[in-house]
Amino acid sequence: MTELVNDASRQIWEKDLRHNLHPFTEFPTFKEKGALIIESGEGNNIKDSNGQTYLDAVGGLWCTNIGLGNEEMAETIAKQVKKLAYSSIFTDMSNEPAAELAATIAALTPGDLNRVHFATGGSTAVDSAFRLVHYYQGCQGKPDKIHVIARHQAYHGSTYAAMSLGRKKSDRTSQFHFITDIIHHITGPDIYRAPDGMNEDEYCDYLVKEFEGKIAEIGPEKVGGFIAEPIMGAGGVLVPPKDYLKRIRNICRTHDILYISDEVVTGFGRLGHWFASESVFNIIPDIITSAKGLSSGYLPISATIYSDRIHQVISEGHGNGYFPHGFTYSGHPVCCVAALKNIEIIERENILQNVRDVGQYFGEQLDALKELPLVGDVRGMGLMRCVENVMNKQTRECFPEEIQIGKRISDAAEELGLLVRPVGHLNIMSPGLTLNHTEVDEIVSKLGTAILKVNTELKNEGWNPC
Ligand SMILES: Cc1ncc(COP(=O)(O)O)c(C=O)c1O
């Protein structure tokens with residue numbers, strides 16, 4: 001347990017310990033240590049209830065894109081709350097912010113992706129996309145085309161469908177049930193762990209062949225959708241081999257398989273563009289899911305953006321005459337004004353350009369960590385980066401899971417006032433998009449110190465990292 005300096009912070013800590021079920025937090029550690037209570041934040045820095053500050057290189061959860069404590073955003077939200085705090089967009093009603101935001105998003109997306117379905121977060125955006133695939137295929141008279149192909153190691157959210165589309169080993173606990181009859185998985189594109197002897201091109205051929213094989217196995221007449229992040233985030237910041245996404249996209253088109261690009265992390269600036277699908281990877285998907293950066297985490301909102309072509313089918317094909325799917329908070333006016341303000345700020349402050357500049361510098365500086373012990377790989381793009389820690393750099397062998405190497409390094413970094421996210425043996429970074437060169441230097445220097453500290457501890461415990 002962190003030393004708590006006063007009674008008030010101890011009480012909060014205890015209430016949290018007793019009543020708050022934290023997503024993904026390990027029960028034994030939590031029972032012993034409780035949680036780090038965050039009290040305030042400004043820009044890319046946060047302060048805990050003891051007054052200690054941290055440079056947050058996790059960006060909340062890949063989401064505090066414009067930075068915390070933005071006055072203009074606070075005023076915009078307050079003004080909308082006073083004017084119209086809630087209004088539904090079900091059936092035949094709408095509100096001004098929802099209409100404005102839908103049009104604004106449509107203008108930023110590639111190709112004919114001009115239609116928007118609003119929800120509350122990334123998981124519900126993915127769920128909406130999944131259901132849209134079924135609805136679309138049914139409306140065009142192909143009711144059997146309901147199978148969806150996704151990838152191992154992916155994380156697409158925590159609703160039933162989203163968690164079933166994801167396939168992180170650590171999320172597949174035996175107590176949960178998953179949709180397995182119509183969801184299938186192929187290998188995630190992990191270049192660092194490509195089969196021995198394969199170069200990037202050969203690995204790409206291998207992955208594409210596997211995808212074609214999976215379609216043939218299920219039957220192309222039954223496969224209705226494919227989902228992938230441009231760069232797999234929580235799965236380990238996996239940058240795909242060159243042309244991989246493009247080749248997969250083309251195969252989807254051949255078989256009338258809707259391509260869902262999950263841009264919940266990459267959307268709204270993380271790779272230096274509004275969306276990464278076309279701008280970075282040269283593909284125009286059928287559906288894009290987005291959340292997080294859409295409001296920079298100020299309020300919960302997500303958008304599933306889909307093509308005019310899909311809209312024509314669902315609105316004019318063999319459907320119900322309506323799309324029976326939505327949420328009480330779809331098109332919430334306060335969330336929509338926050339998203340509109342967020343987009344305005346990103347544009348006005350030239351934040352996409354900042355990501356392109358600072359992101360490149362970040363990558364160059366982080367690369368130096370490759371020289372350190374434990375560091376097997378450093379990878380990523382823009383402001384989405386990862387360090388992969390291994391026991392043996394030659395063989396890429398990992399430490400046993402119970403060593404919790406990623407967590408030990410993130411704990412050591414936390415003591416130095418830096419937050420990085422542990423995911424298994426990885427440390428992931430996705431800082432706010434206003435990051436500057438000085439903050440990059442601080443992240444790299446503190447992370448390097450934390451890695452060296454843990455390396456020394458492990459050696460003292462009898463391990464022999466090499
Ligand atoms: C790629 C991707 N999709 C979907 C989600 C789910 O988003 P949310 O947690 O907002 O439901 C996440 C969350 O991290 C994500 O990384």
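This is a predicted model: local features need pLDDT of at least 70, side-chain atom pairs count only at pLDDT 80 or more; totals for chains, interfaces and linings use all residues.
User: Is Ala 339 buried or exposed?

Analyst: The test is a count of neighbours: a residue is buried if 20 or more other C-beta atoms lie within 10 Å of its own. Ala 339 has 29 C-beta neighbours inside 10 Å, so Ala 339 counts as buried.

User: How far is Ala 339 from Ala 228?

Analyst: Their C-alpha atoms are separated by 24 Å, and the two residues are 111 residues apart along the chain.

User: Where does His 156 lie, and which residues is His 156 in contact with?

Analyst: His 156 sits in the loop between strand 5 (147–151) and helix 7 (160–165). Setting aside neighbours within four places in sequence, the contacts of His 156 are Val 126, Ala 162, Leu 165, Gly 166, Ile 227 and Asp 262. His 156 counts as buried because it has 31 C-beta neighbours inside 10 Å.

User: Where are Trp 62 and Thr 91 placed, and is each buried or exposed?

Analyst: Trp 62 belongs to helix 3 (residues 59–62). Trp 62 is buried, because 25 other C-beta atoms lie within 10 Å. Thr 91 lies in the loop between helix 4 (71–83) and helix 5 (96–108). A residue is exposed if the count is 12 or fewer; Thr 91 has 8 C-beta neighbours inside 10 Å, so Thr 91 counts as exposed.

User: How do helix 4 and helix 12 run relative to each other?

Analyst: Read the angle between their axes. Angles over 145 degrees count as roughly antiparallel. The axes of helix 4 and helix 12 (residues 333–348) come within 9 Å and cross at roughly 150°. Helix 4 and helix 12 are therefore roughly antiparallel to each other. The crossing of helix 4 past helix 12 is right-handed.

User: Which residues make that contact between helix 4 and helix 12?

Analyst: From helix 4 come Glu 72, Met 73, Thr 76, Ile 77, Gln 80 and Val 81, and they meet Pro 333, Val 334, Val 337, Ala 338, Lys 341 and Ile 345 in helix 12. Sorted by class, this contact has 8 nonpolar, 2 polar and 2 charged residues.

User: What does the crossing of helix 6 and helix 11 look like?

Analyst: The axes of helix 6 and helix 11 (residues 308–316) come within 8 Å, crossing at roughly 60°. That crossing is left-handed. Helix 6 contributes Tyr 135, Tyr 136 and Cys 139, while helix 11 contributes Ile 310, Val 313 and Ile 314. By class there are 6 nonpolar residues in this contact, with no polar and no charged ones.

User: Which residues come nearest to the ligand?

Analyst: There are 14 residues around the ligand, and Gly 121, Gly 122, Ser 123, Gly 157 and Val 264 come nearest. Helix 6 (residues 122–139) gives the most to this shell, with 3 residues. The shell divides into 6 nonpolar, 6 polar and 2 charged residues.

Notes:
Residues are numbered from 1 along each chain as its sequence is written. A residue is near a molecule or strand if its C-beta atom, placed from the backbone, lies within 6 Å of it. Helices (H or I, at least four residues) and strands (E, at least two) are DSSP runs, numbered from the N terminus. Ala, Val, Leu, Ile, Met, Phe, Trp, Tyr, Cys and Pro count as nonpolar, Asp, Glu, Lys and Arg as charged, and the others, Gly among them, as polar. Axes are lines fitted to C-alpha atoms, for helices over the stretch in contact, and angles run from 0 to 180 degrees between N-to-C directions. Angles under 35 degrees count as roughly parallel, over 145 as roughly antiparallel, 65 to 115 as roughly perpendicular and the rest as oblique. A crossing is left-handed if the near helix is turned anticlockwise from the far one by less than a right angle, and right-handed if clockwise. Two residues are in contact if their C-beta atoms, placed from the backbone, lie within 7 Å.
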